[in-house]
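Reader: I have a new model open and would like to walk through it with you. Could we go through it a question at a time?

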Amino acid sequence: MAKHVVTLISGDGIGPEITKAMTRVVEATGVDIEWESVEAGADVMEKYGTPLPQHVLDSVRKNKVAIKGPITTPIGTGFRSVNVALRKELDLYTCLRPSFSIPGTGARYDNVDLVIVRENTEDLYAGIEFEEGSKGAEELIKFVADHGAGIIRPDSGISLKPISVTCTRRIVKFAFDYAIANGRKKVTAVHKANILKYSDGLFLKVAREVAEEYADSGIEFEDYIIDATCMQLVLHPEWWDVLVLPNLYGDILSDLAAGLIGGLGMAPGANIGADYAVFEPVHGSAPKYAGKDMANPTALILSAVLMLNHLGEREAADRVLAAVKTVLAEGEKVTYDIKRTNTGSTEGCVGTQTYADAVIEKL
Ligand code: NAI
């Protein structure tokens, strides 16, 4: 048996192509790894009656580590996000998204080196929703009125935003532990506590308590309001170090941070819990590029770098990162998105697999 058995979910849309590119790069490092391929999403719905079959969860539970491509979520109707369900089922309570500048991407900034630590299990993503006109919505509207908490229009759909002491404590602790382990200097808690007193207000209160416990760690702590954070991230991306946020703000700021470093094609991620870790890029399935051998596999390849580090394969991780940096710095064999950001045109770009070949050549 291989030294590492990793669950592989290639996903849909551009998922299968970028997954192929990623597995080829990882295998070319010589790391002793075996992929256990399983599938989730709309394509398996008919066969298993669910977009997230039990055997997929069993595979991750057995192997403890998985890497996945994006999975499409139907908007407004249909099944709930498989990605969100996977994070909840496996209690992958941290979404870790490092954003760092790599020369050659044509990004607007060359001085970004921040890490987003996003709470992954609650907030508006808890999936507790009441459809407009449903009995549940009607009862909830009455409950709110009866408690003098406010008037909700009868034709409203409602999504709940639960934020707990438990989940806030563990995510802020994760941010501090990560900061210490990775030589970081500052943790910033991001919130809207001035308006959302009982949800974000609680997040901030607990974050401050945890920060107190880490007072001797040498890690600086500060808090910032989400809207001000957005502006300052764009004005001064170099200010930021580790940012810890509730789920929805973390999701939105992850894309903003990806924009600072050259776009979604560049932004890796990891979902980490006490027992399991699932690595995946920030971006989605980009359906309009599916099957065209155009998508940039860098975000997934860099997610694999995070995975290799997690598996203790630091040398292989460093080699892959260095190879990606070299190919981007040379700027010859890059995908359409990078070519366009650099030159304003996609002329001369290469496809997904040719880019992967270039990375493999530099390993
Ligand atoms: P998206 O991230 O799939 O794509 C937005 C745009 O970003 C694309 O049209 C493309 O221009 C660019 N882009 C994204 N990835 C790229 C890559 N690797 N290389 C080059 N360009 C890239 O976001 P969108 O369109 O909002 O979502 C599409 C689907 O993906 C939805 O069903 C959504 O729910 C799902 N999704 C899944 C995620 C996951 O599996 N974790 C995360 C985010 C979205």
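Reader: Happy to start with R87: is it buried or exposed?
Author: Keep in mind that this is a predicted model. R87 is found in helix 4, which covers residues 82-89. The cut-off for buried is under 20% relative accessible area. R87 has 8% relative accessibility, so R87 counts as buried.

Reader: Which residues is R87 in contact with, leaving aside neighbours within four places in sequence?
Author: Helix 4 is where R87 is found. With its neighbours within four places left aside, the contacts of R87 are L92, R97, R118, N120, N271 and E280.

Reader: And how far is R87 from K135, going by C-alpha atoms?
Author: Along the chain, R87 and K135 are 48 residues apart.

Reader: How is the protein chain divided into domains, and what separates the centres of domain 2 and domain 3?
Author: Domain 1 takes 1-97 + 267-363, domain 2 takes 108-114 + 162-260, and domain 3 takes 124-160. Between domain 2 and domain 3, the contact takes four residues from domain 2 and five residues from domain 3. Taken over C-alpha atoms, their centres are separated by 30 Å.

Reader: Which residues have the most contacts inside the largest nonpolar core?
Author: That core has 81 residues. It draws at least three residues from each of domain 1 and domain 2. Those with the most contacts inside it are M22, W35, I67, L114, V117, V244 and M307.

Reader: What does the second, separate core include?
Author: The second core is made up of 16 residues. Among them are A40, V60, A66 and V82.

Reader: Turning to aromatics, what kind of pair do Y224 and W240 form?
Author: A search of the whole structure finds five aromatic pairs. For Y224 and W240, the ring centres are 5.0 Å apart and the planes meet at 75°. Since planes over 60 degrees apart count as edge-to-face, the pair is edge-to-face.

Reader: How many residues apart in sequence are the parts that this pair ties together?
Author: Y224 lies in strand 9 (residues 220-225). W240 lies in the loop between helix 8 (226-235) and strand 10 (242-245). The pair therefore ties together parts whose separation in sequence is 16 residues.

Reader: Which residue has its charged end over the ring of W240?
Author: W240 is also in contact with L114 and with Q232. The charged end over its ring sits 6.0 Å from the ring centre and belongs to K186.

Reader: Which residues does Q232 touch, not counting those up to four places away in sequence?
Author: Q232 has its place in helix 8. At 14% relative accessibility, Q232 counts as buried. The residues it touches are Y224, P237, W239 and W240.

Reader: Last one: what is the radius of gyration of the protein chain?
Author: The C-alpha trace spans about 65 × 50 × 45 Å along its principal axes. For 363 residues, a compact globule would have a radius of gyration near 21 Å. The protein chain agrees with that, at 21 Å.

Technical notes: Residues are numbered from 1 along each chain as its sequence is written. This is a predicted model: local features need pLDDT of at least 70, side-chain atom pairs count only at pLDDT 80 or more; totals for chains, interfaces and linings use all residues. Side-chain values use heavy atoms; hydrogens and water are left out. Rings of Phe, Tyr and Trp (its six-membered ring) pair if their centres lie within 6.5 Å; planes under 30 degrees apart count as stacked, over 60 as edge-to-face and the rest as tilted. Helices (H or I, at least four residues) and strands (E, at least two) are DSSP runs, numbered from the N terminus. A charge sits over a ring if NZ of Lys or CZ of Arg is within 6 Å of the ring centre and within 35 degrees of the ring normal. A nonpolar core is a set of buried Ala, Val, Leu, Ile, Met, Phe, Trp, Tyr and Cys residues joined through side-chain atoms within 4.5 Å. Buried means under 20% relative accessible area, exposed over 50%, partly exposed in between (1.4 Å probe, protein chains only). Domain bounds come from an automatic or database domain assignment. Contact means heavy atoms within 4.5 Å. The radius of gyration is taken over C-alpha atoms; the globule rule is 2.2 Å times the number of residues to the power 0.38.
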